[in-house]
There are 2 protein chains.
Amino acid sequence: MPESIWFRDDDRPRRPRLTRERIVTAAVALLDAEGGAGFSMRALAARLRAGTMSLYEYVRSKEDVLDLALDEVIGEIEPAEAGPWRELLVRQLTQSRQVMRRHPWVPALTATRPLLGPNAVARSRVFYSALAEAGLSGATLVAAVGTLSSYVNGFVASENTWWDTVRTPEADAEIRGKVSRHLDDHVDELARHAQVDNGDFDAQFLLGLDLILDGIVTRLPPG
Amino acid sequence: MPESIWFRDDDRPRRPRLTRERIVTAAVALLDAEGGAGFSMRALAARLRAGTMSLYEYVRSKEDVLDLALDEVIGEIEPAEAGPWRELLVRQLTQSRQVMRRHPWVPALTATRPLLGPNAVARSRVFYSALAEAGLSGATLVAAVGTLSSYVNGFVASENTWWDTVRTPEADAEIRGKVSRHLDDHVDELARHAQVDNGDFDAQFLLGLDLILDGIVTRLPPG
DNA sequence: CGGTTTTCCGTACAGTGCACGGAAGGGGGA
DNA sequence: TCCCCCTTCCGTGCACTGTACGGAAAACCG
């Protein structure tokens, strides 16, 4: 009886039931662990204990996976609760920044692919309605929303490249020295000091944000 | 006389003398023509009629080439002439945007790599000294510079992904329709109209920039 | 002329995204 | 119960990537 349970291998490596969600979750985890450069379809499949080509049942391409992963993490931002528009925007944009810091591969992706996923659209809706409620409309409204999201994307992108560059403490010291010497010929004392000493991105982010919001305030209709 | 000029092959494929500049120039041309995705060391070498590995005499890695190409195109921005700080910044940042539009692969790169090349440093110096002359200093100065460059980077990045998405006219119509339907459930009339109809990036860019500059003005010391 | 250094580059290797087509399993109809 | 189809899984193969290595050729210098 060669088909006896004792000879059959029912415990053969249990097939993982793949789903799109499982794939996306694993993709986010892989990107967090290895960064955008270390992300590959083979590595993703391995993490799911599946064959590489199995992924392509649920997804048309690697780009699909990245788009889905991107919208997934955008969904980590909490829905906006009611409140005065300025505080609301500060909270939402601070959370955007935190998401991009938790998932440092995000800014490079947003610089490449349009954000059209449902969570991204929902986020954009929050900005539009907050600023519309504040009193903006038309081209000014569009420009204000664009400015805010451009700012947060651009800010975290450069923040991330900085953290990447100085990842290890030795590298930190070395790079800071090099940058300092690098800038020496060009920049006057004040600016150099500021540049090399700007470890406090939190404060700088909020300062810049306040700057923009103050600019927006000057555009509000009187009353 | 087998060595007669008639039998020798002095016109054998003339060795191109490679130099770092020639490589960088060709890299920019290749990136402009094929985009960041189509750029490869083999394609670059072919464009220079050289063997792939010859490049590595002048450059340690592909990343080196990209860094050099990046700083090269940043150098296309004209040096700042003297003038009132606000006009100066508008001119410089408008030129930054134009460079990034001419070379659409730039924003994705700046989102990945720190800008430490000589031309990038010179550019940063311009911003610092303009705003210092305007009256800013310390953390506010750093934040203002960071805000402006984050804004321009972020703005052009999203502008570029939009142009990419709607590259062909058919795609344009189709995408606009899809985006419009996509947003239908979520966004109220006003915002949707603005979003779908925002082809005029030039105006939007200047509006957002003015917004930020007005915010900066509120930070100037009295007098 | 001889030797050293610089430049060029063919080959090879480990890795990539994904097209193709086959196998295995589950579900439904006869 | 048998058969067929359809979904899911995935091994193999292809064209391509960056670049390590080492050899050949050329250029320069004594």
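Two residues are taken to be in contact if their C-beta atoms, placed from the backbone, lie within 7 Å. The model discussed here is predicted, so local features need pLDDT of at least 70 and side-chain atom pairs count only at pLDDT 80 or more, while totals for chains, interfaces and linings use all residues. Residues are numbered from 1 along each chain as its sequence is written, and chains are lettered from A and ligands numbered from 1 in the order in which they are written.

Chain A contains 10 helices and 0 strands, where helices (H or I, at least four residues) and strands (E, at least two) are DSSP runs numbered from the N terminus. Of the 223 residues in chain A, 33% are buried; a residue is called buried if 20 or more other C-beta atoms lie within 10 Å of its own, exposed if 12 or fewer, and partly exposed in between, with C-beta atoms placed from the backbone. Among the contacts in chain A between residues at least 6 apart in sequence, 64% join residues at least 24 apart.

Between the two protein chains, 52 residues of chain A are in contact with 51 residues of chain B. On the chain A side, two or more residues each come from α5 (106-110), α6 (118-134), α7 (138-165), α8 (169-184), α9 (189-196) and α10 (201-217), and α7(A) gives the most, with 19 residues. By class, this side of chain A has 29 nonpolar, 19 polar and 4 charged residues, where Ala, Val, Leu, Ile, Met, Phe, Trp, Tyr, Cys and Pro count as nonpolar, Asp, Glu, Lys and Arg as charged, and the others, Gly among them, as polar.

In chain B, helix α10 (residues 201-217) has 17 residues and reaches 24 Å from its first C-alpha to its last, close to the 24 Å expected at 1.5 Å a residue, the expected span being 1.5 Å times one less than the number of residues. Its buried residues are B:Q204, B:F205, B:G208, B:L209, B:L211, B:I212, B:G215 and B:I216. Seen down the axis of α10(B), these buried residues fall within an arc of 150°, so they line one face of the helix; the arc is that of the directions from the helix axis to the C-beta atoms. The cover over the buried residues of α10(B) includes α7 and α10 of chain A, together with α4 (85-102) and α7 (138-165) of chain B.

In α4(B), the buried residues are B:L88, B:L89, B:Q92, B:L93, B:S96, B:R97 and B:M100, and they fall within an arc of 165° seen down the axis of α4(B), so they line one face of the helix. The face turned away from the buried side of α4(B) carries the exposed residues B:E87 and B:R102.
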